[in-house]
Amino acid sequence: MTQELNQNLSLFKKMSILIDENTRLLVQGITGRDGSFHAQKMQEYGTKLVAGVTPGKGGQDVFGIPVFNSVLEAKQKTQANTAVIYVPAKFAKDAILEDIAAGIELVICITEGIPVLDMVDVKHALNKSKTRLIGPNCPGVISPGKSKVGIMPGHIHQPGPVGVVSRSGTLTYEVVYNLSSNNIGQTSCVGLGGDPIIGTRFVDILELFMNDPETRAIVMVGEIGGEDEQIAAQFIKSKVTKPVVGFIAGKTAPQGKRMGHAGAIISSTDTTAESKIRILKEAGVHMVDSPDEIPQIIAQKLK
Amino acid sequence: MKIHEYQAIEIFKTAGIPVAGGRVAVNLPEAQAIAQETGFPVVLKSQVLVGGRGKAGGIKIAKNLEELNKNFSQLKSLVIKGYSVDHILIVRALEIKKEFYAAVTIDNIQGDVVVIASSAGGVDIEDTAKKTPEKIYKYYLQAQKEIDVRQGGLPAGRPPWSDFIKAVFPDPSHQEPATEIFQKLIKLFYQYDCSLAEINPLVIDGTGKFCAADAKINFDDNALYRHPEVQALRDLKYEDPDELEAKKNELSFVKMEGNVGCIVNGAGLAMATMDVIKLLGGDPANFLDVGGSSSPKKVLNALRIILKNKKIKSILINIFGGITRCDDIARGILQAQKELVIPVPLVVRLTGTNEKEAKELLAQNKISTFSSMREAVRRAVELAR
């Protein structure tokens with residue numbers, strides 16, 4: 001009887017992307033100040049935290065979580081499938097490369113300030129592997145009610161039908177807070193990170209949300225600079241059939257200082273907020289002027 | 001981080017990239033001595049870290065000593081986009097047979113280092129890129145994984161490099177020396193963690209040899225910790241003193257034109273806050289991100305910095321507590337009230353971690369708070385009218 005009930009319940013189980021109750025997390029830098037603080041918060045939220053990794057500190061434990069010297073050892077002993085990185089910037093490249101070498105499926109790098117050429121090496125290794133990287137310089141990923149991997153405040157989220165993807169940290173919290181305050185929950189919320197070279201971009205996450213049956217609408221939060229939003233707009237136009245609501249921050253931000261001619265030659269795209277807003281609108285995204293307008297529009301789209 | 005052309009030229013020289021003879025001068029006797037060494041005619045190039053110096057009259061030619069004296073003092077009195085000219089680069093004037101474009105930079109989307117070159121070098125290169133993109137050639141380095149690109153290794157003489165170099169330099173006698181220059185440019189790009197190393201134009205001079213007629217190098221700020229020698233090249237004149245002070249206090253600050261001061265945690269939320277200020281009819285006075293883990297001290301420093309701006313009529317503090325604890329922010333505000341004279345009204349919006357404690361702390365001290373960002377912005381804009 002109980003078994004049958006459980007089976008029935010699992011049919012009603014909410015879906016999500018990237019992380020869920022099957023996520024087995026290892027924390028790189030668990031013995032550091034930020035790493036231990038957030039490890040505890042993630043565990044409190046209900047994330048299955050199975051291991052910590054700090055080279056040279058193997059054999060210790062941090063509030064009951066065993067610490068290993070290497071990712072490979074941690075993976076073999078605990079079947080960890082996801083890693084989150086809190087190590088300082090100068091060690092972050094090696095931390096990510098170690099995850100790739102150990103065959104970790106999903107790596108979420110919180111660390112900010114990683115040199116760009118380090119990320120070029122990481123990107124090269126990623127291209128040859130099956131590992132997916134989120135970040136760096138990102139708040140992480142949460143699938144409300146199931147698993148939280150990152151630094152976001154868990155309590156502002158609630159399970160529901162909206163997928164959130166953003167380049168920002170606290171601005172994502174603002175958007176989620178507005179959604180939850182209006183009783184609109186989220187399947188998953190993904191912070192892509194603010195660095196020039198990142199592992200996963202808007203298009204990748206939009207595709208995952210498209211394929212996730214429980215995600216019924218998508219909120220996309222972009223910023224000035226770069227051309228990710230323009231690339232996303234093309235994808236939305238041709239592939240995304242679920243409603244997308246968007247906000248771009250930085251209409252009033254001071255113009256970025258120019259970098260020689262090479263930047264303009266690589267991409268002749270206009271990276272201002274106005275241009276991104278226009279292109280996203282043309283792709284059928286419902287753009288808003290302020291984050292607090294999002295819940296109302298989403299509610300209409302969900303009807 | 002950016003450096004001056006004359007500093008970049010010194011790096012080019014060390015790397016073995018051919019440059020025109022000459023050096024930088026700060027006074028006329030120095031300029032005269034350099035011109036005597038190189039011989040006339042010489043080019044005088046104002047050293048400023050802002051674009052458009054040519055159009056502002058910052059580059060002059062001198063055929064003789066008399067012209068040198070006159071042009072040097074003219075350039076010295078020039079102000080380009082608000083910056084005076086302290087250093088003037090004096091170089092031998094080149095006889096230019098042909099101008100190319102050569103650069104190494106990062107393509108963020110590809111996540112790769114890319115060599116860019118064109119046979120249409122010079123000031124109009126961006127127009128060329130827009131109107132005739134087929135004249136711009138790109139070569140991605142990580143694709144060549146079997147070669148040690150960090151050491152300037154290139155598959156010289158065989159594809160795909162040979163295709164690339166032939167396309168840009170159809171004259172066979174140019175192909176080998178051009179490859180050598182690219183090898184050196186790539187090597188220095190990796191060596192110093194550059195974000196850009198650009199030669200525009202790369203010229204063929206009267207003797208038929210390559211010469212870098214300009215030099216531009218930008219560095220990755222995140223990698224400066226690996227290069228103290230590069231940090232020493234920073235020209236502090238181009239750093240706003242308030243922005244520098246903010247940086248020292250781990251705050252990110254950019255001054256703007258309006259009268260609503262802002263203190264926000266996180267760059268995205270800070271930009272969104274400025275946008276909503278504008279949306280509701282106000283004008284932001286600054287961008288200020290207090291960062292992640294904010295101590296009371298950071299709020300105090302943030303207020304100290306934005307209060308230097310006498311145009312400010314109200315201050316909006318917008319905090320979404322995550323790692324940042326709202327009570328830390330509240331304590332910072334109370335400390336600032338004791339230590340600073342705050343002549344304008346404060347509008348405080350706090351949500352998230354330890355919001356309740358923070359609001360109680362502030363209420364005890366008669367500071368009212370908002371939970372909604374829009375309401376807080378509206379109030380701050382009203383007070384600034």
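This is a predicted model: local features need pLDDT of at least 70, side-chain atom pairs count only at pLDDT 80 or more; totals for chains, interfaces and linings use all residues.
How do H4(A) and H5(A) run relative to each other, roughly parallel or roughly antiparallel?

## The H4–H5 pair in chain A

For helix H4 (residues 89-102) of chain A and helix H5 (residues 116-127) of chain A, the angle is about 5 degrees and the axes sit 10 Å apart. Angles under 35 degrees count as roughly parallel, so H4(A) and H5(A) are roughly parallel to each other.

Who's touching whom? On the H4(A) side you'll find Lys93(A), Ile96(A), Leu97(A) and Ile100(A), and they meet Asp118(A), Asp121(A), Val122(A), Ala125(A) and Leu126(A) of H5(A). Sorted by class, that contact has 6 nonpolar residues, 3 charged ones and no polar ones.

## Two domains in chain A

Chain A is assigned a domain 1 (24-134) and a domain 2 (140-302). Going by C-alpha atoms, the centres of domain 1 of chain A and domain 2 of chain A are 25 Å apart. Their contact draws 19 residues from domain 1 of chain A and 15 residues from domain 2 of chain A.

Look at the side of domain 1 of chain A that touches domain 2 of chain A: helix H2 (33-45), strand E5 (82-85), H5 and strand E7 (132-134) of chain A each put in at least two residues. H5(A) gives the largest share of that side, 5 residues. By class, the residues on this side of domain 1 of chain A split into 13 nonpolar, 3 polar and 3 charged.

## Where chain A meets chain B

The contact between the chains takes 46 residues from chain A and 54 residues from chain B. On the chain A side, H5, helix H6 (170-181) and helix H9 (262-266) each supply at least two residues. H5(A) turns up here too, with the largest share of the side of chain A that touches chain B, 6 residues.

In soluble globular proteins, nonpolar side chains tend to be buried together. In this model, the largest nonpolar core has 210 residues, and Ile85(A) and Leu288(B) are the ones touching the most other members. Helix H9 (residues 267-279) of chain B brings the largest share of this core, 8 residues.

Zoom in on Leu288(B). Leaving aside residues up to four places away in sequence, Leu288(B) touches Leu251(B), Phe253(B), Cys262(B), Ile263(B), Val264(B), Ala270(B), Ala302(B) and Ile306(B).

Key:
Residues are numbered from 1 along each chain as its sequence is written. Chains are lettered from A and ligands numbered from 1 in the order in which they are written. A nonpolar core is a set of buried Ala, Val, Leu, Ile, Met, Phe, Trp, Tyr and Cys residues joined through C-beta atoms within 7 Å. A residue is buried if 20 or more other C-beta atoms lie within 10 Å of its own, exposed if 12 or fewer, and partly exposed in between; C-beta atoms are placed from the backbone. Helices (H or I, at least four residues) and strands (E, at least two) are DSSP runs, numbered from the N terminus. Two residues are in contact if their C-beta atoms, placed from the backbone, lie within 7 Å. Axes are lines fitted to C-alpha atoms, for helices over the stretch in contact, and angles run from 0 to 180 degrees between N-to-C directions. Angles under 35 degrees count as roughly parallel, over 145 as roughly antiparallel, 65 to 115 as roughly perpendicular and the rest as oblique. Ala, Val, Leu, Ile, Met, Phe, Trp, Tyr, Cys and Pro count as nonpolar, Asp, Glu, Lys and Arg as charged, and the others, Gly among them, as polar. Domain bounds come from an automatic or database domain assignment.
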